[in-house]
Amino acid sequence: MAEQKKQQRAALLEAASLFPLSPGGARFSYGTAGFRAEGATMGPAVCRAGTVAALRSLKLGGAAVGVVITASHNPVRDNGVKIVDADGGMLSQVWEPFADALANAPTPDSLLQIVLKFAKEEEITLDGSHSAQVLLARDTRPTGEYLLDAAMKGVNAVIGAVAVDMGILTTPQLHWMVRCKNRGLKSSEADYFSQVIDSFRCILDLVPKVEGADFMNNRLIVDGANGIGGLKLEEIKQKISRLDIHVRNSGRGEGILNEKCGADFVQKEKVVPLGFGPADSAFRCASFDGDADRLVYFRIASSSDTRIDLVDGDKILSLFVLFIREQLDIINGKDNPGNGVLPTRFGVIQTAYANGASTDFLKNLGLEVAFTPTGVKYLHKKALEYDIGIYFEANGHGTVLFSDHFVSQLESLTSELSSKAVGSSQHQAAMRLLATSQLINQAIGDALSGMLLVEAVLQYKGWSFQNWCDLYTDLPSRQLKVKVQDRTAIITTDAERRVCEPSGLQELIDGEIANYSHGRCFVRPSGTEDVVRVYAEASTEEAADSLAKQVAQHVERILG
Ligand SMILES: CC(=O)N[C@H]1[C@@H](OP(=O)(O)O)O[C@H](CO)[C@@H](O)[C@@H]1O
Ligand SMILES: [Mg+2]
């Protein structure tokens with residue numbers, strides 16, 4: 001045993017010395033979505049994240065844990081790493097301080113000491129007698145291969161841990177695989193594709209046939225951000241029934257990853273992405289981000305300019321809410337929703353960035369709307385509290401979670417109805433909900449499966465893009481970034497909607513808001529970039545711009 005412990009120590013020291021921290025380099029912080037920085041500098045953080053993932057798997061009795069190498073919507077020179085917990089979600093927040101400490105350990109020896117201390121506290125046996133497995137994936141970035149090797153070395157530094165390279169995948173695919181594997185379900189990439197394609201087809205087969213209904217335009221143009229999502233969609237688009245998918249910025253060399261394209265660009269800049277033009281103004285378009293976990297829709301406003309009509313995460317959420325509510329109403333009978341056949345706790349979760357018009361729309365439907373801080377790790381956790389929990393960030397990252405208990409009730413109901421009332425509207429609604437729970441990724445937001453659910457719901461409702469846009473009108477909004485000395489000096493409360501430190505700043509923000517009709521404004525330190533973000537909303541574009549600018553000036557003045 002003593003010999004194995006010695007070997008374990010040597011393995012950790014060796015991996016750490018292969019990827020030394022550069023002296024004077026910036027501190028890594030696990031942040032909103034893992035570690036991110038310029039790709040070439042990420043070796044140490046990625047290697048150490050591999051070690052964290054292996055230890056996490058050991059702690060969880062050898063359950064599969066994931067590591068994704070991606071910097072999502074950030075520029076192509078950046079890269080990052082994120083750990084996927086055994087349930088398929090983000091790494092438990094309790095482990096983040098350990099991940100931080102490890103990523104910043106200045107020497108191999110300090111790294112070893114941190115691991116040994118943490119393993120002792122967490123009662124993880126480090127003698128090679130237990131197994132651990134880590135599934136790894138990366139996006140299409142040029143630094144991906146080098147960083148994959150770093151992650152492998154980090155995993156292999158824990159004796160007994162096995163690293164499995166799953167290849168180039170979208171972030172949500174890896175989350176899905178980890179979740180399925182640990183539930184004893186089929187978990188290969190082919191299984192992922194069959195599941196989304198089959199459940200999509202199932203919802204389409206249940207679309208009511210209305211005589212004389214307008215034939216919905218079935219062409220969809222997808223901006224793949226020159227990343228992995230476009231490539232995967234190209235692979236499977238032929239198998240997707242009743243949808244004529246055209247992929248642009250597909251990742252096959254048309255342009256640079258995320259540059260003037262992709263969901264983040266489209267949502268923040270509200271202009272046409274590269275590769276799209278006036279000839280597309282008749283069609284609905286969707287945009288993925290670089291690792292395909294965000295989805296927005298848009299339509300080119302007119303054939304004469306670059307403006308777009310944007311359908312962001314809030315409106316995708318609203319569409320899903322209407323669809324799911326309708327199915328629940330059919331199942332329960334309209335007059336007694338909530339306490340009929342299938343009592344359902346249905347919750348909607350947003351962040352401060354949700355457009356105020358969307359929140360009003362949802363509240364007017366009588367729904368419970370909860371708010372959490374920015375970042376899927378918070379939204380997802382909250383959504384798990386409901387039978388059906390649906391969350392979206394305005395930027396298009398979100399999903400619909402069905403609790404295990406609810407899915408099993410739904411399965412019993414469906415089989416009961418298939419013998420008693422096959423083909424009844426109740427039976428069909430129950431089958432639609434079951435197929436929805438299969439289609440939409442239960443581990444994390446997923447642009448590909450989210451897009452298929454949007455398309456299925458539009459066909460179900462017989463809606464055009466315009467019908468969808470008309471659900472409500474977004475309040476004009478503006479986002480700004482402010483560079484300050486130390487963004488962590490800002491401390492927020494109330495799901496980031498109010499500042500408590502530095503003192504006096506919130507009063508200044510309130511003073512500015514008071515000058516605008518429908519004014520709303522908040523500031524928070526970014527968890528992925530070294531900036532303070534300012535968000536403002538008001539009744540006109542000019543007013544939103546001006547409110548954001550005024551508040552940005554206060555932030556600059558106070559935090560310099
Ligand atoms: C305003 C905004 O879009 N913030 C994004 C961004 O986080 P920041 O902490 O704001 O940098 O990246 C996160 C990870 O992708 C995403 O969850 C979040 O919504
Ligand atoms: Mg992303």
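With 15 C-beta neighbours inside 10 Å, His518 counts as partly exposed. The scale behind that label is simple: a residue is buried if 20 or more other C-beta atoms lie within 10 Å of its own, exposed if 12 or fewer, and partly exposed in between, with C-beta atoms placed from the backbone. His518 also has a positive phi, near 55 degrees, in a residue other than glycine. It sits in the loop between helix 17 and strand 18 (520-525). Helices (H or I, at least four residues) and strands (E, at least two) are DSSP runs, numbered from the N terminus.

This is a predicted model, in which local features need pLDDT of at least 70, side-chain atom pairs count only at pLDDT 80 or more, and totals for chains, interfaces and linings use all residues. Residues are numbered from 1 along each chain as its sequence is written, while chains are lettered from A and ligands numbered from 1 in the order in which they are written.

The protein has 18 helices and 19 strands. Its C-alpha atoms fill a box of roughly 75 × 65 × 50 Å along the principal axes. A compact globule of 560 residues would have a radius of gyration near 24 Å, and the protein has 24 Å, so the two agree. That radius is taken over C-alpha atoms, and the globule rule is 2.2 Å times the number of residues to the power 0.38. Of the 560 residues, 49% count as buried. Among contacts with a separation of 6 or more, 71% join residues 24 or more positions apart. A contact here means two C-beta atoms, placed from the backbone, within 7 Å.

The protein is divided into domain 1 (2-168), domain 2 (326-447 + 465-469) and domain 3 (477-559). These bounds come from an automatic or database domain assignment. The C-alpha centres of domain 1 and domain 2 lie 35 Å apart. Their contact takes 6 residues from domain 1 and 7 residues from domain 2.

Next, the interior. A nonpolar core is a set of buried Ala, Val, Leu, Ile, Met, Phe, Trp, Tyr and Cys residues joined through C-beta atoms within 7 Å. The largest such core has 139 residues, and Val46, Ala49, Val67, Val134, Ala151 and Phe320 touch the most other members. Domain 1 and domain 2 both give residues to this core, so it lies between them. Apart from it lies another core, of 23 residues, among them Tyr353, Val499, Val534 and Val551.

Helix 4 (residues 108-121) has 14 residues; at 1.5 Å a residue it should span 20 Å, and its end C-alpha atoms are 20 Å apart, which agrees. The expected span is 1.5 Å times one less than the number of residues. Glu123, with a positive phi near 55 degrees, follows helix 4. Of its 15 residues, 12 are buried, so helix 15 is largely enclosed by the rest of the structure. The buried ones include Leu448, Met451, Glu455 and Leu458. Gly462 follows helix 15, with a positive phi near 65 degrees.

Some backbone details stand apart. Asn258 has a positive phi of about 65 degrees although it is not a glycine. It lies in the loop between strand 7 (244-248) and helix 9 (263-269). Asn258 is buried, because 26 other C-beta atoms lie within 10 Å. The peptide bond from Glu501 to Pro502 is cis, with omega near 0 degrees. Pro502 lies in the loop between strand 17 (498-501) and helix 17 (505-513).

Finally, the annotations. An unreviewed UniProt entry places "domain: Alpha-D-phosphohexomutase C-terminal" at residues 502-553. Over that stretch the chain is 42% helix and 23% strand, with end C-alpha atoms 15 Å apart. UniProt (unreviewed entry) also gives a "binding site", with Glu393 and Arg533 among its residues. Such positions use the numbering used here, feature names are shortened, and annotations may be inferred rather than shown by experiment. Glu393 lies in the loop between strand 13 (388-392) and strand 14 (398-402). It counts as buried, with 23 C-beta neighbours inside 10 Å. Arg533 is found in strand 19 (residues 532-537). It also counts as buried, with 22 C-beta neighbours inside 10 Å. Beyond four places in sequence, Arg533 is in contact with Gln479, Lys481, Val523, Arg524 and Ser526.
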